Amino acid sequence: MSDMSYPTKEKSQFMNVQGGEKKVMKKILSVALSTAMAFSMFASVAFGETAKATPQQAFDALAAKGILNGYPDGQAHLEKDLTRAEFAKIVTKLFGLTEVKGKLSYKDKGYTATNWAVPYIEAVTAANLMQGKDTVKGLFDYNGKVTVEEVAAVLFRALKLETPATTDNSASAWAKGYAQAVINAGLVAQTTNFKANATRSLVVETAYAVDQLSVKPTLTVASAEAVSPTSVVVTFSDKTTQTVTLTTALVQGVETTISFKHLDKDYTAKVTLAAPKVLSVEAINGKQLVVKFNRAIDADTLIAADGTLIDTIAEIKEVASAKAVTEGAAIVTLNADSTVATITATGTEVFSGQYAVTLNKGVKTPAAEEIPAFTTLLNVNDTVAPEYVSATSVAKATTTKVVVKFSEPVLRAGVIAYVDGVSAAVTATNATYDELTLTTSTLTSGKEYDISLLNVKDFAGNVIATNPFKTKFTVVSDVAGPVVQSVVVDGEKDIKVTFDKAVNTDTLANNARLLNVSNGELVTSYFYKPASVSNAGKTVILSPGTAGNIAFGSNNTFAGNFVLGTGIQDKLGNNLSTAFTQAVTFTKDVAAPVVSTVVYGSKGLVVTFNENITRLGSTVAANAITLVSDATGAVVTAPATAPTAIGKELTIPYVLSAGSYTLRLPAGYVLDTAETANKSAASLHTFTATATTTSDSAAPKFTFVSGTDRVSVTFPTSFVNNSVEQTVTYEVYDENGLDFGTILDVNNYTLNNQALPAGTYITTALSAGEADVAASKRTITIHIPSSGVTATKSDNVLVISGLKDKSGNSALPQVSAALKLYDGVKPTLNSAVVSSGDNTTLVVGFSEEVANVDLVNASDFTFKINNVVVNSNAVTIVKQTSGSDKGKYYVQFTTTADANGLYVAGITGNPSTATPIKVADSGTAGKLNLNLAGVYSISATIKDTANIIDLADEANGHGNTVVTGTSITVR
């Protein structure tokens, strides 16, 4: 991540700009260029199919632009291998990256501010195009040779190439996708040895091709979204992003113009800080759900102390036959800016099927703003296999472990592992299941080993693409002790220490102490112990607990020296190289808690303070609060339920009428959480309760069936022919009134995860003029047009969500028991063709299987041959009960013959009169050959009197009658 500060041109705002996840480059392939054209041009330039420049000409052109330099002897030396430092400069110049000065991210010997390569190495690092060779030691290896596969990886990222579906190249496993992408793009030949060092010639030709085609796009701001009052994510027209950090906080709901720099160019954007809310909930695989917020959230309002989901806040309800998930046991992690929460199901539990996911009220921002409740229906069907990410093994000298990381959680059970042909034990590494630890025989630092993994699969059963999967890893030597990066005072007596690597917290006891700055002696009992660990084990809050007290001076401060001894070790047993000492100053908390806001809402009267409060003053009666109506001067009776203090909020469960009120809090009513608790001062606060405000916080309730979590529904026991509609009923009630607008909204209902059929409407059992409050149950009826039900099914699932009461409390989504709906669509004659295997048979079909076809008298059809109606006595109809024509009808026509020709019996006129239909001048009586030249037209029509029905309710003799009058002309 880049970390650069820029002054703005506008006086109203000043900000720091940080690079986003996607990398920004001055030069990039134009999106408008045809991919095929680009690939062919790359190939022609890089490999001379129709070469326009020799390698030397390409070098000269790039050198003229300052992208390349020759050697001191003035020669290009294209035959030489390229160093990582030289390649970093080429990448920086080629893609127009900003050189980064004044920053040293690596610890290589000679990697100092005077090193010519540092600005380029820092530039490619900030753009995430290159990284160090040894991330544990922090080494870039700038004098090391760059390999062809490393070049491929950089080009893949910089040019945003597509990951190929298949690979066929010599690259290492980690680089095969990158290598194939540049091969497919025509940048590097398929026969290239990707594991070899990259020559200057290869890089020059490829860089020249990129330079010739790359353009500097005209970037515009596509959108700007505030993720916190001081952080804005700006998205540009090329889909790259930039995070702008403001020093002047945005005001919610107020549009503000911000100014910032991007690629050394000034930009402005208008942004409005939206009210905090849930943006989306989605399944990223069968094991994890991701919840995205538009603002940072307070982790403690969503995540319990043990890292699990607070189950009263979030509910994950299975719909129909979805697999059960225990939400209260699920592990939750937040991203760096606390806007994305990943929920990982525990144990072997997996998400599969449909779920109603609800986040109830209670999740808050760090500023204590409550995020509204959110409900969504989520379908989970994980069909994507896990992918290998990395294999890591670190040791002082030897180890027995290697950690293999995957793109998603994987099952440990069933995995068979070998390291260099030796069987290895497999264990799960972390709570999010995306790592496996292999324990094998001794592994030596600096050596390369093979890994073979068989049966790696995710929790949905998807097996890794290559099974068994094979890769290589090198044991990285780590003999460096942990380094202290920062020490800061945390509160009145705790200290937060951040190391450069994870530490063994057991070694902190007796190795972290506080000394008196005046005499150098140990402050009584002040050996620190770990109170909490975060940041992957790198950050530790150290606390003395209740062991001793700091003797604050008259100015309420205490100066001391915080000392960390050399006994502190990292996870590998490397000790802190030298004792660490830092002067620290503790400040006694002497400030009393002060009221920030007083708001009357659904929970009653909520008084928010500027700091956490834990208890009411022990010497002040809990009912000592005085609340006076400003309109009458009357004292409001204290609520029967005692006030509660949680976090910064004091909740007093008053139920108030509309009006203005004055709250009187006595001195000492609230205490803060300081070592010596500070008492609140007496205070007065005026607020207004509106008519719509209520103390109702209970959601609407549904009638259940036999105590199960199902909506009570009723259906007709059978389907009446062509019924206009089918109905579902359920009961719902709320003590203080329902929001019938949400009940009558068809968008709050789904059937089999689809919108209700068009024309569906909803009614209630309220009589005309009856008040829309309901202390008793109300029957709601959903009227579904039968024409919208296309098949008879007994396992339909109805989901009701989004229902609210008058106070805005949302009911949890409700899932119906399996419902039987009947096919309400009339069958239609839709085909009539001469059989390809029997020219005497006309095959007649319907839009669905039907019954009640008159097979005896053929009274449901009108057949015409040569535009004359065929006498039903000459028609034979047989239903097919098997084979490819199952459900269709075979029709044949009987012929007679005399000396004058071959005939089919016909009828004309009204009343009908027998009319022979001549089809040939001669022939033998029998079944009519429908392909005879004399049969020049055939048609089939459903009569108006037809009683053909579908099978919507065949068991009860009901069904939809056929659409009559439909006619099909065979020829």
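Modeller: K287 lies over the face of F459, 3.9 Å from the ring centre. The charged end of K287 also sits over the ring of Y433, at 4.7 Å from its centre. A charge sits over a ring if NZ of Lys or CZ of Arg is within 6 Å of the ring centre and within 35 degrees of the ring normal.

This is a predicted model: local features need pLDDT of at least 70, side-chain atom pairs count only at pLDDT 80 or more, and totals for chains, interfaces and linings use all residues. Residues are numbered from 1 along each chain as its sequence is written, and side-chain values use heavy atoms, with hydrogens and water left out.

Now the ring pairs. The structure holds 19 aromatic pairs. Rings of Phe, Tyr and Trp (its six-membered ring) pair if their centres lie within 6.5 Å; planes under 30 degrees apart count as stacked, over 60 as edge-to-face and the rest as tilted. Y449 and F473 have ring centres 5.7 Å apart and planes at 25°, so this pair is stacked. Y449 lies in strand β21 (residues 448–454) and F473 in strand β22 (residues 469–474), so the pair ties together parts 24 residues apart in sequence. Strands here are DSSP runs (E, at least two residues), numbered from the N terminus. Both Y449 and F473 are buried, meaning under 20% relative accessible area (1.4 Å probe, protein chains only).

F863 and F893 have ring centres 5.6 Å apart and planes at 80°, so they pair edge-to-face. F863 counts as buried at 3% relative accessibility, and F893 at 0%. Ring pairs link F863 and F893 with F846, F861 and Y889 into a cluster.

Conventions: Helices (H or I, at least four residues) and strands (E, at least two) are DSSP runs, numbered from the N terminus. Buried means under 20% relative accessible area, exposed over 50%, partly exposed in between (1.4 Å probe, protein chains only).
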